[in-house]
Amino acid sequence: MVAPRLMPPAGIEDEATQALRSEVRMFIAEQLGARNFTPSVDAWLSRWDEKFTAALAAKGWLGMTVPVEYGGHGRTFLERFVVTEELLAAGAPVAAHWIADRQIVPSLLKYGTEAQKQQFLPRIVRGECFFAIGMSEPDSGSDLASVRTRAERVDGGWSLSGTKVWTSGAHLAHAFIALARTAPVDPQHRHAGLSQFLVDLRGPGIDIRPIISMNGAHHFNEVIFDEAFVPDDMVFGEIGNGWRQVTSELAFERSGPERFLSTFMLLAACADRMAANAIPRDAELGRLVARVAGLHHMSTAVAGALERHEPADVPAAVVKVLGTTTEGDIAEFADLQDSPDPVFAELVRAAVDQRPGFTLRGGTNEVLRGVIARGLGMR
């Protein structure tokens, strides 16, 4: 296994990290020059491109933190952060591998059995295995403790029945991690009795139905389990430990640069047009740029905490709340600008369409403010 380098303080990059950032920018420039993708808003969620994912895998930029014994590259969270930040800033189509690389990799390394690591990690690194996440359910909002999907013990495994919603990319993914109830609800301990399972999305007893966004896009899905069988070797972590596992996973989901860079392409477009006097000069642009710069430092610091295996749930929630609010404000600012450029107009339209989801996905900002308040109150 490659020994990780010492982490520099947040916001300070050593020469190797700076060289990596430059290499990623050159790769993006080459991809754009070859017209392999069109930059877009919210590309990490809505732009599924398996060829682009394969190109990243060939560069060694998938599964960067996976140890070499599982086919990975043994690199640091900060190095991975640099790569993902550059891809997001460029509006690159990274949706195919996003969930697998962001959440499933660290979860497998922490909770997966040796057989599960050997089965999934090398394929994720090669860009051959795509995942979705099965947490949210109808009428539950961000209250994961209200999970009603049931997992009942059967011969050789478990039988799952229930429904998951807002499962991004489930219609294209190979598998997902499903949170289910394996014990009756205890009103005094609502978080008890939950467990996780690795589910083959193409297996029997699973019906995947599209959820079409108001702009006609399809990346969300409803996944219905009808006594879907999951073998014992696909139990993820420990039975009954699902709540602790899923809350640790959410730190990876909530703290990443995608929580403040979904509309960065639009912010950059506004800056270009303002510099060319194509739109009026406005001090609000500077304030938005400053907010993004601050969030960059905050998110980098969380990456450092994850590298050191330190708790990051509260800082991650802070990044998510501030970041998604900033994304929405960028969309609103751009929508006020009057520009005849059709490319700019399309970026604005996409950002405005997606804006309602910025503060909902990954846990609503209202719920996360509660997480932050409780976390700070305990210290």
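UniProt positions follow the numbering used here, feature names are shortened, and annotations may be inferred rather than shown by experiment. This is a predicted model, so to speak with its own ground rules: local features need pLDDT of at least 70, side-chain atom pairs count only at pLDDT 80 or more, and totals for chains, interfaces and linings use all residues. Residues are numbered from 1 along each chain as its sequence is written, and side-chain values use heavy atoms, with hydrogens and water left out.

**View 1. The annotated span, residues 15-128.** The UniProt record, an unreviewed entry, lists these residues as "domain: Acyl-CoA dehydrogenase/oxidase N-terminal". The span is 65% helix and 0% strand, and its end C-alpha atoms lie 32 Å apart. Helices (H or I, at least four residues) and strands (E, at least two) are DSSP runs, numbered from the N terminus.

**View 2. Helix H4 (residues 77-89) crossing helix H10 (residues 283-307).** Two packed helices are described by the angle between their axes and the distance between the axes. Here the axes come within 8 Å and cross at roughly 145°; they are lines fitted to C-alpha atoms over the stretch in contact, with angles running from 0 to 180 degrees between N-to-C directions. The crossing of H4 and H10 is right-handed (the near helix is turned clockwise from the far one by less than a right angle). On the H4 side, Phe77, Leu78, Phe81 and Glu85 meet H10 residues including His296, Ala303 and Leu306, where contact means heavy atoms within 4.5 Å.

**View 3. Gly304 in H10.** At 4% relative accessibility, Gly304 counts as buried (under 20% relative accessible area, 1.4 Å probe, protein chains only). Gly304 and Thr76 sit 228 residues apart in sequence, yet their C-alpha atoms are 8.9 Å apart in space.

**View 4. Helix H9 (residues 264-275) and its neighbours.** Buried residues of H9 include Met265, Leu266, Cys270 and Arg273. The buried residues pack against H4, H10, helix H11 (313-335) and helix H12 (342-358). After H9 comes Asn277, with a positive phi near 60°.

**View 5. Trp166 in its loop.** Trp166 belongs to the loop between strand S3 (157-164) and strand S4 (175-181). Leaving aside residues up to four places away in sequence, Trp166 touches Ser136, Ile211, Phe220 and Asn221.

Terms used: Buried < 20%, exposed > 50% of the residue type's maximum accessible area, 1.4 Å probe, protein only. Expected span 1.5 Å × (residues − 1).
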